[in-house]
Each structure stands twice: as structure tokens, then as C-alpha cells.
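Student: I have just opened a new structure and would like to learn how to read it. Could you walk me through some of its features?

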Amino acid sequence: FLIINKGKIGGSTAEGIVGGSWALSFFLTRIVTIPWLLMLYYSTILSPGCMNVPDRLLGFFTVPMPIGLNVYWFMLIVRKARRMLAPSKPKAV
């Protein structure tokens, strides 16, 4: 995407196809898997088990960070896509 965007290769159509494919793959690999990750988070860290207290505390505070970052990054991707797809406003003279 960056090579096409910065190098002006293929025009806006190629940029849209590559950007859309990247956003779709990001969604499928990082957002769709969140319910499964939360289930594992609950079953290993929040439910009583064989983990000791320091490991449980470390996991309690650090495991949700990548999930939150992925949601934040996807929100930025969607915001950028909406800006790119929105009709451009005419410039005032």
C-alpha cells in the first residue's frame, strides 16, 4: 500500500484494491478472533486455576493491551477508509 501510495504506481484504483485487501485481512486476523481470545483470557487468567498470583496479575493487566490496540488500529483504518471514500469538497476560491 505504501509503495503504491508514495510511488504513485497504478493510480487510485490500485491503491483502493490494496488498501481494501489489507483492511479486510486485518479485520479477519485481528478483529474476528477477539471473542476466542477473550474466552481463552477468561479460562486461563480470570477463572480459578493453577496459575500463581504474580503470573495471574501480570496476565490480567497485559493480555488485554494487544486486543485494545487492535481495536483502536482498526478504528483508525475504518476512519481513513471513510475519508477516502467520501466525496471531496470543492475548494473555495
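Student: Let me start with one side chain. Is Lys8 buried or exposed?

Tutor: The general idea is to compare relative accessible area with two cut-offs: under 20% is buried, over 50% is exposed, and anything in between is partly exposed. Lys8 has 69% relative accessibility, so Lys8 counts as exposed. Please keep in mind that this is a predicted model.

Student: Where is Lys8 placed?

Tutor: Lys8 sits in the loop between helix H1, residues 2-7, and helix H2, residues 11-31.

Student: Which residues form the positive surface patch?

Tutor: To be in a patch, a residue needs over 30% relative accessible area and no salt bridge, and like charges are joined within 9 Å. Here the positive patch is made of Lys6, Lys8, Arg79, Lys80 and Arg83. Helix H5, residues 64-85, gives the largest share of this patch, namely three residues.

Student: And which residues form the nonpolar patch on the surface?

Tutor: For nonpolar side chains, the joining distance is within 5 Å. In this model the nonpolar patch consists of Tyr42, Leu46, Val53, Leu57, Phe60 and Phe61, and together they have about 620 Å² of accessible area.

Student: Which helices each supply at least two residues of the nonpolar patch?

Tutor: They are helix H3 (34-46) and helix H4 (53-62). H4 gives the most, with four residues. Tyr42, for its part, lies in helix H3.

Student: Let me zoom out for a moment. How many helices and strands are there in the chain?

Tutor: The chain has five helices and zero strands. If you read along the sequence, the pattern is α-α-α-α-α.

Student: What share of the residues in the chain is buried?

Tutor: Of the 93 residues in the chain, 16% are buried. Ile4 lies in helix H1.

Student: Now the rings. How many aromatic pairs does the structure hold?

Tutor: There are four aromatic pairs in the structure. One of them joins Trp22 and Phe26, with 5.9 Å centre to centre and 45 degrees between the planes, and this pair is tilted. The general idea is that planes under 30 degrees apart count as stacked, those over 60 as edge-to-face, and the rest as tilted.

Student: Where do Trp22 and Phe26 lie?

Tutor: Both are in helix H2, four residues apart, which is about one turn of the helix. Trp22 is partly exposed, with a relative accessible area of 48%, whereas Phe26 is buried, with a relative accessible area of 9%.

Student: What kind of aromatic pair do Phe60 and Phe61 form?

Tutor: Phe60 and Phe61 form an edge-to-face pair, with 85 degrees between the planes and 5.0 Å centre to centre. You have already met both of these residues in the nonpolar patch. Phe60 has a relative accessible area of 39%, so Phe60 is partly exposed. Phe61 is at 53% relative accessibility, so Phe61 counts as exposed.

Student: Which residues do ring pairs link into a cluster?

Tutor: That cluster contains Trp22, Phe26, Phe27 and Phe74.

Student: What about Pro64 and Tyr41?

Tutor: They are 23 residues apart along the chain, with 8.4 Å between their C-alpha atoms. Pro64 is found in helix H5, and Pro64 is partly exposed, with a relative accessible area of 33%. Leu38 lies in helix H3, and at 43% relative accessibility Leu38 counts as partly exposed.

Student: Is Asn70 buried or exposed?

Tutor: Asn70 is at 13% relative accessibility, so Asn70 counts as buried. Its place is in helix H5. The C-alpha atoms of Asn70 and Ile34 are separated by 9.3 Å, although these residues are 36 residues apart along the chain.

Key
Residues are numbered from 1 along each chain as its sequence is written. This is a predicted model: local features need pLDDT of at least 70, side-chain atom pairs count only at pLDDT 80 or more; totals for chains, interfaces and linings use all residues. Side-chain values use heavy atoms; hydrogens and water are left out. Accessible areas come from the Shrake-Rupley method with a 1.4 Å probe; for residues, only the protein chains shown count as cover. A salt bridge is a side-chain nitrogen of Lys or Arg within 4 Å of a carboxyl oxygen of Asp or Glu. Lys and Arg count as positive and Asp and Glu as negative; His and the chain ends are not counted. The place of a charge is taken as NZ of Lys, CZ of Arg, CG of Asp or CD of Glu. Buried means under 20% relative accessible area, exposed over 50%, partly exposed in between (1.4 Å probe, protein chains only). Rings of Phe, Tyr and Trp (its six-membered ring) pair if their centres lie within 6.5 Å; planes under 30 degrees apart count as stacked, over 60 as edge-to-face and the rest as tilted.
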